[in-house]
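Subject: A structure for you to explore

Hi there,

Here is the structure I promised to pass on to you. Have a look around it first, and then read on for what turned up.

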Amino acid sequence: MKFSFCPDPTPADWLVRSGAPDLRLITFGPAGFEAYARLRYIPDPVRLGQEEADADVPDDHPSDIAQARRTLHRLAPFTNTPDECYFCVWEGYSDIPLPPEARLIDLPHRRFALFRSRLRDIDHWEADFGGGQPIAPPAFVWPADQRWCFTSDVDPHWAGIGAERAAVDALVADPRLDVVAADPAESQPRYY
């Protein structure tokens, strides 16, 4: 297994003590980053009241974890600690087994188990947690130097990213990603 359970929850203290409003914290991470963005797993809704099942998505559309992986690889140059990263798994994912000894980290409306690994080990996410099957992306990912934060909450159709402007610009400019700049203080598009 590439990901090791982290029994010491202190690396997540910056999330727990961030003071960010509840919804903002679990969808964009802590406040204070220079720029924010959204990785759209599927396109934003085009009409009021649209349901996620009605999104126009081609059959060969990449999975959420494939898109998250590509985004995290793109963020790798924007940290000095790619070999020391933290990954949170939401306790509510029925397809991801958590160690019985896991001390869960409490954030607003969610609890997570904390794991540690190298950023490039995201390539082994499904093998380590899903028995090789596609599974949900990590709920949070951040490098030890806290230069960025990737969040993928269970409810929205997108993942939030906080980082320096150059990192967000690189994500937005990548034609293999559907990333748009975002303001966490504003209401975000959502499906019903």
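Helix α3 (residues 64–75) packs against helix α5 (residues 165–173) at an angle of about 135°, and their axes are 10 Å apart. Angles over 145 degrees would count as roughly antiparallel, and 65 to 115 as roughly perpendicular; the angle here therefore makes α3 oblique to α5. The crossing of these two helices, α3 and α5, is right-handed. Please keep in mind as you look that this is a predicted model.

The largest pocket holds about 390 Å³ of space. Its lining is made up of 20 residues, and L23, T27, P156, W158 and R190 are the closest to the centre. Which helix gives the most to this lining? That is helix α2 (residues 22–28), which supplies five residues.

Now for some backbone angles. Most residues other than glycine have a negative phi, so the next two are worth a look.

H109 is not a glycine, yet its phi is positive, at about 65°. You will find H109 in the loop between β4 (105–107) and β5 (110–117). Is H109 buried or exposed? Its relative accessible area is 62%, and because anything over 50% counts as exposed, H109 is exposed.

Q146 is the other one: this residue, again other than glycine, has a positive phi near 55°. Q146 sits in the loop between β6 (140–143) and β7 (149–151). Its relative accessibility is 33%, and because that value falls between the 20% limit for buried and the 50% limit for exposed, Q146 counts as partly exposed.

Enjoy exploring, and write back with any questions!

Best wishes

Key. Residues numbered from 1 in each chain as written. Predicted model: local features only at pLDDT ≥ 70, side-chain atom pairs only at ≥ 80, totals over all residues. Heavy atoms only, no water. 1 Å grid on protein atoms, 1.4 Å probe; cavity = no way out; pocket = protein on both sides within 12 Å on 5 of 7 lines; lining within 4 Å. Points joined across faces, edges and corners; volume = space filled by probe spheres on them. Helix = DSSP H or I, 4+ residues; strand = E, 2+ residues; numbered from the N terminus. Buried < 20%, exposed > 50% of the residue type's maximum accessible area, 1.4 Å probe, protein only. Axes fitted to C-alpha atoms, helices over the stretch in contact; angles between N-to-C directions. Parallel < 35°, antiparallel > 145°, perpendicular 65-115°, else oblique. Left-handed = near helix turned anticlockwise from the far one by under 90°.
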